[in-house]
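Here are some notes for a colleague who is opening this model for the first time.

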Amino acid sequence: MGAAIGGGLAGLTAVGTGLFGLRQARLQLKHQESEAARQRRFESLTERRGPRSQAYAEFVAAGQELIDSLYGREQHNFLAGFEALQANIRKRRAHVAIAGPESVVRAASAFADEVRDFRNQLAHGGLSGHPFNHKQKLERPLEAFAKAARTALEDEGHPS
């Protein structure tokens, strides 16, 4: 009788140990799958970082060139030059739209919209004084874009 009880307890212990081992294996597999997904996301972000960085840098450079154009320009030729720079902003915004992510695309669009509004005010006499006096209307959204771009480039693939 004692042998039967001992054998039964040994069997129960073996079943319990087996179930515990199975649970541990499942947890370990889940963790490995999660880690593999995180690693794939990190590698994907790393591959996209170079092209994104270039698109962002070109957009900022085009924006800064547009803002710099406000310094010392003659009023009679200013609008035509500004429109050419605005066209470059639109082109660079398209590159940013492809590079993403959405937060950076929104910031690029906000800057491009402000440039469009600035151009319309220039064309219709809506700005008093020299255009340079209103440069902060363009500087703030360009700075917001640069901040969004830096944040996107610093993303290391950790889940949000």
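**Notes on charged residues**

1. Asp 113, Arg 116 and Asp 117 are joined in a network of salt bridges, a salt bridge being a side-chain nitrogen of Lys or Arg within 4 Å of a carboxyl oxygen of Asp or Glu. Between Asp 117 and Arg 116 the closest N and O atoms are 3.6 Å apart. Asp 117 is partly exposed at 32% relative accessibility, and Arg 116 is partly exposed at 39% (buried means under 20% relative accessible area, exposed over 50%, partly exposed in between, with a 1.4 Å probe and protein chains only).

2. The model is predicted, so local features need pLDDT of at least 70 and side-chain atom pairs count only at pLDDT 80 or more, while totals for chains, interfaces and linings use all residues. Residues are numbered from 1 along each chain as its sequence is written, and side-chain values use heavy atoms, with hydrogens and water left out.

3. The whole structure contains five salt bridges, one of which pairs Glu 58 with Arg 92, their closest N and O atoms being 3.3 Å apart. Because Glu 58 lies in helix α1 and Arg 92 in helix α2 (residues 75–99), this pair ties together parts that are 34 residues apart in sequence; helices are DSSP runs (H or I, at least four residues), numbered from the N terminus. Glu 58 is partly exposed at 27%, whereas Arg 92 is buried at 19%.

4. Lys 135 and Glu 139 also form a salt bridge, with the closest N and O atoms 2.9 Å apart. Lys 135 counts as buried at 18% relative accessibility, whereas Glu 139 is partly exposed at 22%.

5. Arg 52, found in helix α1 (residues 2–68), is buried at 8% relative accessibility. A polar atom of the Arg 52 side chain lies 2.8 Å from the backbone oxygen of Ala 99.

How values were computed:
Helix = DSSP H or I, 4+ residues; strand = E, 2+ residues; numbered from the N terminus. Polar contact = N/O pair within 3.5 Å; in protein donor to acceptor, adjacent residues only side chain to side chain.
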